[in-house]
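Dear colleague,

Please look through it before going on to the notes.

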Amino acid sequence: MAKLRGIDAEIFPLVLGGNTFGWTSDESVSDQVLDAYTAAGGNLIDTADVYSAWAPGHSGGESEIVLGRWLAKNGNRNKVLVATKVSQHPQYSGLSAKNIEAAADASLLRLGLDVIDLYYAHFDDSSTPLEETAAAFDKLVKEGKVRAIGLSNYTPDRIREWFSIARKEGLTLPVALEPQYNLVYRKDYENGLMPVAKDENLAVFPYFSLASGFLTGKYRTMDDLKGKQREGMVKDFFTQEGLDVVAAMDGIAKAHGVELATVALAWLNHRPGIAAPIASARTPEQLPALLAAAHLELSDEDMQTLDQVSDKVKG
């Protein structure tokens, strides 16, 4: 299990994504997913203040509210780590110091917490000086509202700039990176982010680990995808190279007696520098395949097969 600097805990090899809470999973089902995840030893839940502002009738913060109510009901705060993010909520857009402080307070209120374990800058904000953003995150740590800082969707150059500023000004250094990374989307992480993460000892938690469901194998043709909520997110993976990855996963999954999702997540867990992949379960029935990745040992041959076939994908 990976350790996270600034937080005295080992991270379970699967992070539970909270984007479905209060959206495609109602509160009752979300509670069941959370119960099953933590019962299996899971201890890091990843959400964001913007989840799920995109849904009709939603305003953002729905996921945090559901998670906060679950924490209050279970009384297990000391066994669970919470990660959330700032910059995309409709009321708290961007990364100005004033906005970060207000957004953090709003997240703490929705979550019912005194401190956020891991607080991410969700997307870079080029309109705000990075010095201001880094100082605002540092202030939250020093005030005890945040334990550790993470970066998501930042370029390698901007990450290096953040660290340079933080060291120069004596600010708290980020400890985590959340990039898009999976078997059919490797370029951004492997071509630039991975060296930075290694140099700065960042714990890496990939999102879209299952390529929005494409790597579960449930979408084999465009007809499978028509009318689905994830249609726009998945359609770009429908290339011959992408389908070849799924075919290779089929063989490996059958050999190990597991589902495709298990193989996709286990591949990430076997990649250099990865602390744990993030994956969401809409229902508790979807969770066992995700949890199984924490225990699946892929052989060198399995990894070589997956690496070679995924190398040909344009992503």
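Please bear in mind throughout that this is a predicted model. I begin with helix 4, whose buried residues pack against strand 5 (81–86), helix 3 (97–111), strand 8 (116–121), strand 9 (146–152) and helix 5 (156–169). The buried residues in question are Leu-130, Thr-133, Ala-134, Ala-136, Phe-137, Asp-138, Leu-140 and Val-141. Helix 4 itself covers residues 130–142, and its 13 residues reach 18 Å from the first C-alpha to the last, close to the 18 Å expected at 1.5 Å a residue. Just after this helix, Gly-144 takes a positive phi of about 85°.

Helix 2 (residues 62–74) also has 13 residues, which should span 18 Å at 1.5 Å a residue, and the 19 Å between its end C-alpha atoms agrees with this. Its buried residues, among them Val-66, Leu-67, Trp-70 and Leu-71, pack against helix 1 (27–39), strand 4 (44–46), strand 5 and helix 3. Just after helix 2, Gly-75 has a positive phi of about 60°.

Turning to the sheet, eight strands form an open arrangement in the order 11-10-9-8-5-4-3-12, with parallel pairing. Strand 11 (203–204) and strand 12 (278–279) stand at the edges, and because each has a single partner strand, one side of each is left without a neighbour in the sheet. Further in, strand 9 pairs with strand 10 (residues 176–178) in the parallel sense over three bridges, and Gly-150 stands opposite Ala-176 in strand 10.

Definitions and conventions:
Residues numbered from 1 in each chain as written. Predicted model: local features only at pLDDT ≥ 70, side-chain atom pairs only at ≥ 80, totals over all residues. Heavy atoms only, no water. Helix = DSSP H or I, 4+ residues; strand = E, 2+ residues; numbered from the N terminus. Expected span 1.5 Å × (residues − 1). Buried < 20%, exposed > 50% of the residue type's maximum accessible area, 1.4 Å probe, protein only. Contact = heavy atoms within 4.5 Å. Pairing = 2+ DSSP bridges.
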